[in-house]
Amino acid sequence: MIAGRLIHPPLLAALGAAGHGATVLLCDGHYPATTAVGPNAERVHLNLAPGLLDTSAVLDVLLEALPVEAAAVMVPPEGPEPAAVAGHRARLALLEGVQVEALQRHAFYDAARGPDLAVVVVTGDVRQYANLLLTVGVHGVAAADSAAGTAVR
């Protein structure tokens, strides 16, 4: 029996196959998950109905199961930062050394279309700009140490 909160078999399998440097896309219900993803991406659909299971809830569970070394959020071209983006930044700020890059929509799509995208988690999130791209780190290595190649002791 699995001891952690993440118990979704296809998501566990997809994350287990993703290695260091692979990326994981958490996308809202507005994201073009068929066309704006990399060619190697495994899609996991968690979008039962609009508003059910948002990207923040998925992020909370993934952060318990997955080491993250970097992240990117989708931001509008101008105006205030959307609430979903602020929430993602706050959650990721709790992780040591994780840098969060802000990308406008088309730059975000380009990043998500890369060959390193291993997993796409499609949610029913109805908030605009609730998309997040995570870079998989290494267990037992802080994000800042990963770049330097040193293990945390």
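**Notebook: rings, cores, salt bridges and backbone**

The model is a predicted one, in which local features need pLDDT of at least 70 and side-chain atom pairs count only at pLDDT 80 or more, while totals for chains, interfaces and linings use all residues. Residues are numbered from 1 along each chain as its sequence is written, and side-chain values use heavy atoms, with hydrogens and water left out.

**Entry: aromatic rings**

I looked up Tyr31 and Phe108, which pair edge-to-face with 6.2 Å from centre to centre and 80 degrees between the planes. Tyr31 sits in the loop between β1 (23-27) and β2, and Phe108 in helix α4 (residues 105-112), so I noted a link between distant parts of the chain, 77 residues apart.

I then checked burial, where buried means under 20% relative accessible area, exposed over 50%, and partly exposed in between (1.4 Å probe, protein chains only). Tyr31 is buried at a relative accessible area of 7%, and Tyr109 is buried at 11%. Phe108 is buried as well. I recorded Tyr31, Phe108 and Tyr109 as one aromatic cluster.

**Entry: nonpolar cores**

I asked for nonpolar cores, meaning sets of buried Ala, Val, Leu, Ile, Met, Phe, Trp, Tyr and Cys residues joined through side-chain atoms within 4.5 Å. The largest has 28 residues, and Val24, Leu26, Leu62, Val119 and Leu134 have the most contacts inside it. At least two residues of this core come from each of α1 (9-17), β1, α2, β3 (68-75), α3 (83-93), β5 and β6. Apart from this core lies another, of 17 residues, and Tyr31 is among them, as are Cys27, Ala36 and Leu103.

For contacts I required heavy atoms within 4.5 Å. Not counting residues up to four places away in sequence, Val119 touches Leu11, Ala14, Leu15, Thr23, Val24, Leu25, Glu42 and Val44.

I also looked up Thr135, which is in strand β6 and buried at a relative accessible area of 18%. Leaving aside neighbours within four places in sequence, Thr135 contacts Gly21, Ala22, Thr23, Pro67, Val68, Glu69 and Ala70.

**Entry: salt bridges**

I counted six salt bridges, each a side-chain nitrogen of Lys or Arg within 4 Å of a carboxyl oxygen of Asp or Glu.

Glu64 bridges to Arg5, with 3.1 Å between the closest N and O atoms. This pair spans 59 residues, from Glu64 in helix α2 to Arg5 in the segment before α1. Glu64 is exposed, with a relative accessible area of 52%.

Arg89 and Glu81 form a bridge at 2.7 Å, N to O. Both are partly exposed: Arg89 at 26% and Glu81 at 40%.

Arg127 and Asp125 form a bridge at 2.8 Å, N to O. I found Asp125 buried at 2% relative accessible area, whereas Arg127 is partly exposed at 27%. Asp54, Asp125 and Arg127 are linked in a network of salt bridges.

**Entry: positive phi and a surface patch**

I checked phi at two residues. Most residues other than glycine have a negative phi. Leu53 has a positive value, near 60 degrees, and lies in the loop between β2 (42-45) and α2 (55-65). Tyr129 also has a positive phi, about 60 degrees, and lies in the loop between β5 (117-122) and β6 (132-136). Tyr129 is partly exposed at 21% relative accessibility, and Leu53 is partly exposed at 37%.

Leu53 came up again with Leu48 and Leu52 in a nonpolar surface patch of about 310 Å² accessible area together. Patch residues have over 30% relative accessible area and no salt bridge; like charges are joined within 9 Å, and nonpolar side chains (Val, Leu, Ile, Met, Phe, Trp, Tyr) within 5 Å. Accessible areas are from the Shrake-Rupley method with a 1.4 Å probe, and for residues only the protein chains shown count as cover. Leu48 is in the loop between β2 and α2 and is exposed, at 73% relative accessibility.

How values were computed. Helix = DSSP H or I, 4+ residues; strand = E, 2+ residues; numbered from the N terminus. Phe/Tyr/Trp six-rings, centres within 6.5 Å; stacked < 30°, edge-to-face > 60°.
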